[in-house]
Amino acid sequence: MIGRAAARRLACALWALAAAAPLAGRAAEVEFWYAHGGLYAQAIDELCDGFNATHPQDHVHCLSQGTYEQTLRKAVAAYRAGQPPALVEIYDIGTADMLHSEAIYPVDALMKDNGQAVDDADYLDGIRRYYAAADGRLFSQPFGTSTLVLYGNRGKLAAAGIPGLPRTWEAFEQALRALKAHGESCPAVADFTPWKMLDQVNAAAGAPIASAGNGRDGLAARYAFADGIHRRYMRDVARWHAQGLLLPAVLTHAGDQPLAFADGECALSLDSTGSYAIVLKAGIVDAEVGPLPAYAGAARYGNTIGGSSLWVFKGKPAAVYPAAARFLAYLREPRQQRLFSARTGYLPLTREAQRQLEASPLGEPAAIRVGLASMALPGNAYSAGARLGFMSLFRLIWQEEVQRALAGRQSMDDALAHAQARGNLLLARFQATYAGTARSQP
Amino acid sequence: MKTSARFHGRWMPLALGLPQLVLIAWFFYWPSWKGLWWSLHLECPFGHCTRFVGLDNYRRELGDASLYASLLSTAVFSLCGVALSVAAALALAWMVEFHRRSGKLFRYLLIWPYAVAGSVLGVILRAAASPGIGPMAYLNRLWPHVWQPHLDGAQAMALVVAAFAWTQIPFDFIVLVAALRSIPADYLAAAAIDGAGPLRRLLDIQIPMIRPQLFFVATMNLVDSITNSFAIVDTMTQGGPGGATGILAYRAYRDGFVGLDLSGSSALSMLLMLLLLAAIAAQFAAMERRARQEGFR
């Protein structure tokens, strides 16, 4: 292991030397770390190639760093070692860490300093709401953005006598029963992740995840989901699971939620708009997309989003920043947004891009149309989504407790109470960690 | 001409040992020191705020009920994993030694799996043991719900123990084959003439004579199971279901690398190091006591 690590270090040093050599002749080299693979990485590489082809004075090196977690971890390590990339893609739940890091060059300031006019009001409301700091400023540029929609297999639904996609959870349960009675082995599939089952369901119901405006009003926020709409929903989920109506993705042939729907095994799936690329690629013709259901009679608020935004590290040579600003401006062009949306199922970010996508000959892909419509519903104080510390660990705790409930080792009510209590210990520690720093208000 | 194997002077031996010392300092002492430092502070991921909190991080981790569940899984995982690896390797080595003619071929075949990395193995076994596809899914069709490692903690634990043993068996096998080889054939031949069957010879002659090597592989396996097995858990179960396979090494990895909780993860690592030292000390003490007793007999 030691030998391999040392060899890698040597290779890095050589690479850095080789990369530094042509610097003298060119204007600026910008390193951009992104956090995707497969289809999504191809789309990002295409954006990078397009930028490099049209901006001969700049060169952006786009490097995939693995998953969202790995990219954040590597960015932290690189920053601590004094070698951060200029641009990095960080996932939604890393936003609090980045805002508190004192390591970033706020994107709004970067664009202003480099003469790139950005109209923040052009961002779609749900997206701006999610990433804006308490004073409304955007410290990062939204990038891959998705929201939750309901995918249905039209053929299977029609065969079971269900006229359309269910709009309420009550109708959803009836549909599951009808599908099961019709002999479907997998009426619906889920991977039991909290982004889908907690963040989105609560946002759509306008219900809090945490106090202090879901954590947006300061570090004193604590979790507050264990006895509201979330408990009602998770009791339903536990019942559906126990009765074989909602299958864990691991039990399907594909072993993965988006694929289990895309390969036609499962009839219903609550999944990200970003999975639309996989559904399209699988060539499923019967896919129908509808909004996330709500409980009958309850008010339906706007969905929240998930995904990532682009952050700029400070402390790079001055020549890097104008080029980084040009690259960010390029990514924000409606044309590039459309290209990225069409390839991936991620949402367009600005009104202008949305208008253009609607007007294009093919129209908006179904998942994007439905996702944008769900986000455009009126919001309340909790629709912006949560901004809390140690959220990645909290999500693992939530999954751990919910798994124990699904296995019958504790009740779902206890699971949520435990997850809330353990989550609150994390929040208290996050508060203590950042208590003395300049930006103790996000 | 001097025949002594010792280098004279002070600087020459030091210079020869320096590369190794530098590597150890760089890859062991420095990170350990950093871990100890972080475990006594509340440390921000990006390093701009560091606050000394004394033993608070330890107090918090030790007060967390899930730590004890994790310790229990660590104990189950390590003991079962070590027992299974050593027993399986010994059985294989014994069979190879017993049948020397075909043994040579099997000796090479059985060493191969050593080249497979833990995480690769995890991916392969996860597919092989999936309750939805593969051979185990067939069992589920015969008897519904009989194999569900995504819900049943004991099954998930059996899975990671098996995967761990798989990674350890080749090394143990090499050592134990060599150990069995070193036993003079006369002893075994003499016992055979006295009418001792293969099993009797194994229990009364071979195992007692290779005890030091058994002890050595068990110690190596134990160290590996406690410190180096998070890759298997990460790729196969992510500590689930419901924390059932959340061994201490995996928790330290997860808190630090996924959660960016440098302080808590460092405190856990320090506890892990203490645990490991205690386990090895106990193992050595037990071994020495036995050696002494046998010496007096």
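Modeller: What follows covers the sheet, its helices and a disulfide beside them.

The model is predicted, so local features need pLDDT of at least 70 and side-chain atom pairs count only at pLDDT 80 or more, while totals for chains, interfaces and linings use all residues. Residues are numbered from 1 along each chain as its sequence is written, chains are lettered from A and ligands numbered from 1 in the order written, and side-chain values use heavy atoms, without hydrogens or water.

In chain A, 5 strands form an open sheet with mixed pairing, in the order β2-β1-β3-β10-β4. Strands are DSSP runs of E, at least two residues, and helices runs of H or I, at least four, numbered from the N terminus; two strands pair if DSSP finds at least two bridges between them. β2 (58–64) and β4 (141–146) of chain A are the edge strands, each pairing on one side only. From one strand to the next the twist averages 20°; axes are lines fitted to C-alpha atoms, for helices over the stretch in contact, and angles run from 0 to 180 degrees between N-to-C directions.

β4(A) runs antiparallel to β10 (residues 306–312) of chain A, joined by 4 bridges, and Q141(A) stands opposite L310(A) in β10(A). Helix α2 (residues 38–54) of chain A packs on the sheet, touching β1 (28–34), β2 and β4 of chain A, where contact means heavy atoms within 4.5 Å. The direction of α2 makes about 170° with that of β2(A).

C48(A) and C62(A) form a disulfide with sulfur atoms 1.9 Å apart; the cut-off is a pair of cysteine sulfur atoms within 2.5 Å. C48(A) lies in helix α2 of chain A and C62(A) in strand β2 of chain A, so the pair ties together parts 14 residues apart in sequence.
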